[in-house]
Amino acid sequence: MFGALHSFAATSSGPTVFITPLSLFKIGNITITNSMLFGWISAVILIIFFTVIAHRLTVKPKGGLIQLVEAGADFITNLVTSSFEDKERGRKYVPYFVTLFFFILFNNWLGLLPGVGDSITYHGNPLLRAFTGDWDATAAAGVVTMGLVYGASIKAAGFKKYIKHFFIGSPLNPMYLFLGIIEMFTDLTRVVSLSIRLFLNVTIGEIVIAVFSYLGHVVAPLTATPFTLVEIFIAALQAYIFVILSVNYLAIAVNHVTHNEDLTDEDVPETMALRPEKA
Amino acid sequence: MIVLADAIDTAIIAKGLMIGGGFIGPGIGIGIIGGNYMQAVGRNPEASKFLGQALVFVAIVELFALLAFASIFIVK
């Protein structure tokens, strides 16, 4: 059973490794890559799956699959609402993060299926590729998530207050100005760090599986199965980490800007020197 | 006189150094996280519920190891 699963990677010419998606065909000027194709397929699978699950939901659900989905949704709901000081404000963001969690989780798991990779080719290129094994896809997820974080914090506080929350004191002090600008850059680099973490974990997991099934040669199932199991665990862990990190970024920003009466420099003694002494 | 760089495939050495050097730091970091987590559990068994947070920090540290691994595909 597992022989067919892994034999596709155990070729005599060494493992074939792609770290970028390959183009399949063109619609107009837009190049359709193999990861885009698999992303659409998994999106359709997800929509059908969750529509069926949503229609079967009852107070006492029957069947393990529904309970599994319910447990996952409940877990993320608790995670999101407990991160916010204001529970009702946190409840607003729950649907997005539950969707994000299941989208990443299912894309990671579907990418591990046999047939996704080198076994099925189209004009010499692999037909399917894990959607999260493509930096464009994870960068899109990172941009949308961090866009939600910025938008929600600006909406919660107003633009002026939002800009002000980067500065620990008066921006007229050059030290605080510098620290505030660095803080802004840190906020921007979160898009890259979120997306590259997910992308590299998935892609390097595929590379590790390919390398170990190549090294195993005849006994490829024996050598590659442990790493496939590790990848199943890592796929779930990375979905959880993507969600918990983005929830934390959102919660920190929103909790901060809605509670920032103490951020004015009125009571901060360090900034006193900038103003004339109150005699 | 044979130039050493012509005689030896330096890309192999570069990849080896990159993997070796790049994995030291995250290895130490994950060791520190795991050790401190076990110490916290040993002092206070209630702290074992923070395994999820420990894994989050492991993932943050692991990113740098993955970056080092991904960099070997850039070296030709």
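In what order do the elements of chain B run from the N terminus on? They run α-α-α, and the secondary structure of chain B comes to three helices and zero strands. Helices here are DSSP runs of H or I of at least four residues and strands are DSSP runs of E of at least two, numbered from the N terminus.

This is a predicted model, in which local features need pLDDT of at least 70 and side-chain atom pairs count only at pLDDT 80 or more, while totals for chains, interfaces and linings use all residues. Residues are numbered from 1 along each chain as its sequence is written, and chains are lettered from A and ligands numbered from 1 in the order in which they are written.

**Chain B**

Buried residues account for 5% of the 76 residues in chain B. A residue is buried if 20 or more other C-beta atoms, placed from the backbone, lie within 10 Å of its own, exposed if 12 or fewer, and partly exposed in between.

**Confidence in chain A**

The average for chain A is 81, and 87% of the residues score at least 70.

**The nonpolar core**

Select Phe97(A), Phe101(A), Ala239(A), Val243(A) and Val247(A), the residues with the most contacts inside the largest nonpolar core, which has 44 residues. Such a core is a set of buried Ala, Val, Leu, Ile, Met, Phe, Trp, Tyr and Cys residues joined through C-beta atoms within 7 Å. Two or more residues each come from helix H3 (64-83), H5, helix H6 (135-157), helix H8 (174-216) and helix H9 (220-257) of chain A, and from helix H3 (51-71) of chain B. H9(A) gives the most, with 13 residues. A second, separate core of six residues includes Phe212(A), Tyr214(A), Ala220(A) and Ala224(A).

Centre the view on Phe101(A). Beyond residues up to four places away in sequence, Phe101(A) touches Gly72(A), Ile76(A), Ala239(A) and Val243(A); contact requires C-beta atoms, placed from the backbone, within 7 Å.

Move to strands S1 (residues 23-27) and S2 (residues 30-33) of chain A, which pair in the antiparallel sense over four bridges; pairing requires at least two DSSP bridges between the strands. Ser23(A) has Thr33(A) in S2(A) as its bridge partner. Two residues lie between the strands of this hairpin, and Gly28(A) in the turn has a positive phi of about 65 degrees.

Then select strands S3 (residues 117-122) and S4 (residues 125-128) of chain A, antiparallel and joined by three bridges. Gly117(A) stands opposite Leu128(A) in S4(A). This hairpin also has two residues between the strands, and His123(A) takes a positive phi near 55 degrees.

**Val116(A)**

Finish at Val116(A), in the loop between H5 and S3 of chain A. Val116(A) is buried because 23 other C-beta atoms lie within 10 Å. Leaving aside neighbours within four places in sequence, Val116(A) is in contact with Phe38(A), Gly111(A), Leu128(A), Arg129(A) and Ala130(A). The C-alpha atoms of Val116(A) and Leu128(A) are separated by 5.0 Å, although these residues are twelve apart along the chain.

Conventions. pLDDT = per-residue confidence, 0-100. Contact = placed C-beta atoms within 7 Å.
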